[in-house]
Amino acid sequence: MAFDSYKYLLFLPVVLSIFYCMPDRFRWLLLLLASLCFYAFLQVPYLLLTLCAVIMITYGCGILIENTKAQKIRRLLFWIGVLSNILILGYLKYLSFLIFNLNDLFSLLSLNTSLTQSPDLIFVGVSFYVFQAISYLSDVYLEVAMAERHFGYFALYMSFFPKLLLGPIERCADLIHQFRKKYEFKYDNMRTGLLMCAWGLFKKLVIADQLGVYVDSVYGDVHSYAGLPLIFATYFYAIQIYADFSGYIDIARGSAKMFNIHLTENFKSPYLATSIADFWRRWHITLYRWLLDYVFKPLQMKFRTMKNWGTVCALLITLLLSGIWHGAARNFILWGMLFGAYLSCSVFYRQFQRKMYATLSLENTRTQRLFQIFVTFHLICFAWIFFRSPSCENIFYVITHLHTGIMQFLGSAIANITVFHNLKQLMLPITLNSPKIFLGYLICIGIIMFEQIVREKRGNFFLWLLAKPKSFRWSIYVVLLVSIINLGKTSDIPFVYFDF
Amino acid sequence: MDIRDRLNNVFQEVFKDDNIQINPETTADDVDGWDSFSHVILIVAVETRFNIKFTQKELLTLKNVGDLIKRIEQKSPNV
């Protein structure tokens with residue numbers, strides 16, 4: 001069931017109402033049953049079986065690891081649990097891609113053999129809860145967390161419906177204890193939760209899906225475009241994917257908040273990052289914290305005698321894994337490797353960068369910060385080309401045609417004040433030949449940047465809004481509701497991250 | 001010189017700051033420049049200076065300087 005569907009608009013209040021009326025000791029059971037029903041609504045029976053298998057394997061291994069004193073057996077149990085989870089994820093998500101590439105390789109080597117292509121399977125949510133399971137086993141093995149003995153609470157930790165499909169990827173120490181707390185109705189949590197859900201829906205249905213019309217038209221047929229349409233499509237995609245994914249997370253966190261459950265923040269104004277490393281501390285935070293703690297740091301320590309080159313190897317492997325996690329496709333692998341290259345270069349140039357800013361007397365100035373944000377944003381947008389393009393050939397085409405026609409356009413813009421007439425000729429006819437639509441897109445981008453700036457300066461966008469005068473707040477509520485009803489695309493357009 | 005003083009010297013050399021004074025509660029948030037890159041340099045310097053080798057598990061479960069001092073004491077009891 002998608003968060004932007006009518007079913008969810010009925011599901012959530014029904015579950016909340018029953019939750020409120022239930023005796024405290026059975027509330028975890030209601031949430032667990034609701035979560036399983038939520039997953040069952042996808043009407044893919046093997047997904048429910050997959051979730052149950054992951055829960056049982058991880059629960060069992062966690063307890064066995066904790067009960068075992070012998071270090072070698074603990075390590076063995078840890079790897080059995082982790083590899084079982086990886087095999088489940090690998091089978092559902094990567095088998096088809098692996099067979100396709102092996103067949104390509106056989107063909108390249110002129111080998112007269114090929115493997116039967118397996119069908120593409122649906123794996124919504126699996127990437128997220130398998131990673132959560134691995135983080136649980138790692139924390140139990142490293143003795144930074146206790147194994148959860150209550151099967152019901154553990155199952156709920158894995159399957160809690162607000163975070164089941166697209167995260168956040170929660171640590172057991174952050175989430176499980178919340179299910180044990182006695183529930184008391186809190187008006188502020190209910191109010192904030194509702195606002196977060198509404199805001200998330202607005203970002204997804206109004207901003208992301210509207211921008212997606214233009215982006216899909218261009219990236220769906222890139223060879224018909226060159227220059228400005230490609231540039232605009234890339235910028236719009238940067239905003240679309242943020243609005244889409246952060247919108248989902250807002251709905252997830254808002255829904256959880258109504259049950260007095262706090263889920264980890266997953267975005268902190270990512271497009272105000274001052275470096276690529278800073279971007280990864282702000283974008284899909286729970287995934288990158290997972291990669292940092294369970295992949296990068298162990299690798300970096302393992303390669304520590306190689307000094308900077310050890311860190312570079314650790315970064316390349318970690319970001320490659322990040323690309324693979326996002327999808328069984330070559331463009332995602334290239335995207336991950338591009339970020340690995342960005343971060344690896346920064347290992348070597350950061351000391352020179354500090355000296356450069358000090359020499360120019362720009363250290364810790366607003367100018368330095370703005371420059372860093374500008375450069376970082378464009379490095380990220382360049383990487384989004386890899387992420388959005390459906391094939392490597394399309395990636396190459398977009399990169400080599402971004403500049404086409406730009407000089408002529410700028411020349412005629414300087415010579416001729418009717419620049420918008422030129423803009424029209426360079427734009428996709430069905431959307432951007434209208435000043436109103438173009439203005440609409442700029443407003444969408446402005447709203448997203450405003451949200452990020454408020455988050456950066458005030459710490460919490462929703463608390464900032466809720467502290468405003470009643471008239472201002474209710475104006476915003478009405479605008480949100482009217483926008484969603486009138487401008488929101490239908491729920492036929494899935495969330496982008498459902499593909500991961 | 002005890003372990004804490006010797007460790008303090010290592011911190012001062014790695015972070016190029018003679019004013020650093022560590023205590024058992026010190027974490028990365030308390031030392032300017034202590035990030036994941038400099039953390040590796042610090043660990044290598046500690047292993048070299050104390051002639052010890054940490055296991056992966058020990059390195060991944062260090063929470064603060066106090067934990068680091070305890071591990072050094074366990075691994076080099078004659079210091």
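User: Is A:W464 buried or exposed, and what is its relative accessible area?

Analyst: This is a predicted model: local features need pLDDT of at least 70, side-chain atom pairs count only at pLDDT 80 or more, and totals for chains, interfaces and linings use all residues. Residues are numbered from 1 along each chain as its sequence is written, chains are lettered from A and ligands numbered from 1 in the order in which they are written, and side-chain values use heavy atoms, with hydrogens and water left out. Buried means under 20% relative accessible area, exposed over 50%, and partly exposed in between (1.4 Å probe, protein chains only). A:W464 is therefore buried, at 16%.

User: How many aromatic pairs are there over all chains?

Analyst: Rings of Phe, Tyr and Trp (its six-membered ring) pair if their centres lie within 6.5 Å; planes under 30 degrees apart are stacked, over 60 edge-to-face, and the rest tilted. Searching the whole structure over all chains gives a count of 64.

User: What is the angle between the planes of A:F160 and A:F179?

Analyst: These two rings form an aromatic pair, with 5.4 Å from centre to centre. The pair is edge-to-face, with its planes at 75 degrees.

User: How many residues apart in sequence are the parts that A:F160 and A:F179 tie together?

Analyst: Helices (H or I, at least four residues) and strands (E, at least two) are DSSP runs, numbered from the N terminus. A:F160 sits in the loop between α7 (151–159) and α8 (161–164) of chain A, and A:F179 in helix α9 (residues 172–180) of chain A, so the parts tied together are apart in sequence by 19 residues.

User: Why is the pair A:F450 and A:W464 edge-to-face?

Analyst: The ring centres are 5.6 Å apart. The pair is edge-to-face because its planes stand at 70 degrees.

User: Which helices hold A:F450 and A:W464?

Analyst: This pair links distant parts of the chain, 14 residues apart. A:F450 is in helix α21 (residues 435–458) of chain A, and A:W464 is in helix α22 (residues 461–466) of chain A.

User: Which ring lies under the charged end of A:R27?

Analyst: A charge sits over a ring if NZ of Lys or CZ of Arg is within 6 Å of the ring centre and within 35 degrees of the ring normal. The charged end of A:R27 is 5.1 Å from the centre of the ring it sits over, that of A:F19.

User: Which residues does A:N266 touch?

Analyst: A:N266 is buried, with a relative accessible area of 1%. It lies in the loop between α11 (228–257) and α12 (276–280) of chain A. Contact means heavy atoms within 4.5 Å. Not counting residues up to four places away in sequence, A:N266 touches A:P168, A:F245, A:I249, A:R282, A:W283, A:H284, A:I285 and A:T286.

User: What is omega for the peptide bond between A:G167 and A:P168?

Analyst: Most peptide bonds are trans. The bond joining A:G167 and A:P168 is cis, with omega about 10 degrees.

User: What is phi of A:H284?

Analyst: A:H284 is in the loop between α12 and α13 (285–302) of chain A, and its relative accessible area of 0% makes it buried. Most residues other than glycine have a negative phi. A:H284 is not a glycine, yet its phi is positive, near 45 degrees.

User: How many residues apart are the parts joined by A:D244 and A:K204?

Analyst: A salt bridge is a side-chain nitrogen of Lys or Arg within 4 Å of a carboxyl oxygen of Asp or Glu. In the one between A:D244 and A:K204, the closest N and O atoms are 3.7 Å apart. A:D244 lies in helix α11 of chain A and A:K204 in helix α10 (residues 187–219) of chain A, so the parts tied together are apart in sequence by 40 residues.

User: Is A:D244 buried or exposed, and what is its relative accessibility?

Analyst: A:K204, the salt-bridge partner of A:D244, counts as buried at 0% relative accessibility. A:D244 counts as buried too, at 1%.

User: What is the N to O distance between B:E13 and B:R49?

Analyst: The side chains of B:E13 and B:R49 meet in a salt bridge. Their N to O distance is 2.7 Å.

User: Which residues form a network of salt bridges?

Analyst: Over all chains, the structure holds 21 salt bridges. The network links A:D278, A:R281, A:R282, A:R369 and A:E456.
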